[in-house]
Amino acid sequence: MTRPLIAVDARYGLRAPRRGVGEYVYQVYRALADLPRSYDVVLYGDGSAEPEIVKDFSALYPVRLFPDHPFAVWEQWAWPHAL
């Protein structure tokens, strides 16, 4: 049986420095990594991702990065196309 897959728009959590929403999202990803789960998680980011954070999270989840797109292109094309 195939495990469910959760695709996460992780752009804010993969950036540095992080503030507000980005820090919250980052901490949620960290906490979820330690929990047993019956589903798979894939983090999606863009060119603004901090390489060191991507490296750290790549040990926990698959991480896929898109080229940097304006926000509208990300929302209307890149993100839906990846899903």
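## Basis of the description

Helices (H or I, at least four residues) and strands (E, at least two) are DSSP runs, numbered from the N terminus. By this convention, P17 belongs to the loop that links strand 1 (5–9) to helix 1.

The model is predicted, and local features therefore need pLDDT of at least 70, side-chain atom pairs count only at pLDDT 80 or more, and totals for chains, interfaces and linings use all residues. Residues are numbered from 1 along each chain as its sequence is written, and side-chain values use heavy atoms, with hydrogens and water left out.

## The nonpolar cores

A nonpolar core is a set of buried Ala, Val, Leu, Ile, Met, Phe, Trp, Tyr and Cys residues joined through side-chain atoms within 4.5 Å. Buried means under 20% relative accessible area, exposed over 50%, and partly exposed in between (1.4 Å probe, protein chains only). The largest nonpolar core has 15 residues, of which L14, Y29, L43, F57 and Y61 touch the most other members. Two or more residues are given to this core by each of helix 1 (20–33), strand 2 (40–45) and helix 2 (51–58). Helix 1 supplies the largest share, four residues. Another core lies apart from this one; it has five residues, including V42, Y44, F66 and A78.

Neighbours within four places in sequence aside, Y29 is in contact with V8, D9, A10, G13, L43, F57 and Y61. L43 is located in strand 2, and its relative accessibility of 0% is why it counts as buried. With neighbours within four places again left aside, L43 contacts V8, A10, Y29, F57, Y61, P62, V63 and R64. L43 and R11 are 32 residues apart in sequence, yet their C-alpha atoms are 8.5 Å apart in space.

## Helix 1 against helix 2

Two packed helices are described by the angle between their axes and the distance between the axes. Axes are lines fitted to C-alpha atoms, for helices over the stretch in contact, and angles run from 0 to 180 degrees between N-to-C directions. The axes of helix 1 and helix 2 cross at roughly 25° and come within 11 Å. Helix 1 is therefore roughly parallel to helix 2, a description that applies to angles under 35 degrees.

On the side of helix 1, Y26, Y29 and R30 take part in the contact; they meet I53, D56 and F57 of helix 2. By class, four residues in this contact are nonpolar, none is polar and two are charged. Here Ala, Val, Leu, Ile, Met, Phe, Trp, Tyr, Cys and Pro count as nonpolar, Asp, Glu, Lys and Arg as charged, and the others, Gly among them, as polar.

## A cis peptide bond

Most peptide bonds are trans. The bond joining A16 and P17 is cis, with omega about -5°. V28, in helix 1, is eleven residues from P17 in sequence and 16 Å from P17 in space, C-alpha to C-alpha. V28 counts as partly exposed because its relative accessibility is 29%.

## Partly exposed aspartates

D9 is found in strand 1 and is partly exposed, with a relative accessible area of 26%. D9 and H81 are 72 residues apart in sequence and 13 Å apart in space, C-alpha to C-alpha.

D40 lies in strand 2 and is partly exposed, at 34% relative accessible area. Neighbours within four places in sequence aside, D40 is in contact with R3, P4, L5 and I6.

Key. Contact means heavy atoms within 4.5 Å. Angles under 35 degrees count as roughly parallel, over 145 as roughly antiparallel, 65 to 115 as roughly perpendicular and the rest as oblique.
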